[in-house]
Amino acid sequence: MAYVAGTAEPGCVFCNALASNDDVGSLIVYRGVYAFVILNLYPYNTGHLMVVPNAHVRDPAALSSGARAEMAELTASFCTGLRLVMGCDGLNIGMNLGSAAGAGIADHLHQHIVPRWIGDANFMPIVGGTKVLPELLPATYAKIRAEVARQKFAAGSVIVLLMAPDRSGVCLSDEALPRLPVASDTSVWRTVLNAIAPQAAACELLGWGGASSTVSDAAELPALAISFTPSVAATATCRLWSLGEAGSLLPDDDRAVLLHAVSRVA
Ligand SMILES: [Zn+2]
């Protein structure tokens, strides 16, 4: 919270994020009618989300009943989603109202949802003044955004961008980006990594490959960008095409996805 309070960003960080057209850059994973859900740039733990009303108010009593109801619904559904996506053992939920109560941004109330794992607390915050996080924000963002696409927008499959570790090439399947069906009982990202692991010497989730705007999630498939090195046995079937070759072969929709991903993970 010292970082948050010390940021030089003018205005309110939540109102700025809401006004931004770049939901990936501002870490918004979902926009509702009265409230939105955003990843904390300075997480207490991996997967730390905040449910934030669109209205810039300090106190729950100043919100419309519709906003309060939607925040409660979003909190419930994202708790379920985080358990699936992050595999956490528990969750902390709470609001700090006013700086005396610990709010870093007191003027715009927000509800924290923090995933917890058994044994996740350690001495680092005390002796080092810092937290240890095992995952980069772009990967966490992609995991949660893909799950939102499935749970809120009923996406039945996911586009998989398998990219060379130096981002110079991408795998195609019949001159399109490969798609995988999502399972009902496993998170989208885990389904993807489980499917490609047998063909990979190495693979790592890089980030979100789809459009930036969360509003487009109702119409577009989720897309995950993955650093991929095929195993020796899979080299023949998982050929990496150069980005130029891929750009000329892909249909327009897939080319747009590739351009989004390259712009973010290059
Ligand atoms: Zn605000």
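Predicted model: local features only at pLDDT ≥ 70, side-chain atom pairs only at ≥ 80, totals over all residues.
A residue counts as buried here if 20 or more other C-beta atoms lie within 10 Å of its own.

I'll start with strand β3, residues 49–53. How many of its residues are buried? The count is 5 of the 5, so β3 is largely enclosed by the rest of the structure. In a regular strand, side chains alternate between the two faces of the sheet. In β3, Leu-49, Val-51 and Pro-53 point one way, while Met-50 and Val-52 point the other way. Both sets are buried.

Now the partners of β3. Strand β2, residues 35–39, pairs with β3 in the antiparallel sense, over 5 bridges. Within that pairing, Phe-36 has Val-52 of β3 as its bridge partner. Strand β5, residues 111–116, is also antiparallel to β3, and 3 bridges join them.

Which way does β6 run relative to β10, parallel or antiparallel? Strand β6, residues 157–163, runs parallel to β10, with 5 bridges between them. Leu-162 stands opposite Ile-226 in β10. Strand β9, residues 200–208, pairs with β10 in the antiparallel sense over 7 bridges. One of the contacts to look at is Gly-207, whose bridge partner in β10 is Ala-225.

To recap, β3 has antiparallel pairings with β2 and β5, whereas β10 pairs parallel with β6 and antiparallel with β9.

Conventions
Residues numbered from 1 in each chain as written. Pairing = 2+ DSSP bridges. Helix = DSSP H or I, 4+ residues; strand = E, 2+ residues; numbered from the N terminus. Buried ≥ 20, exposed ≤ 12 C-beta atoms within 10 Å, placed from the backbone.
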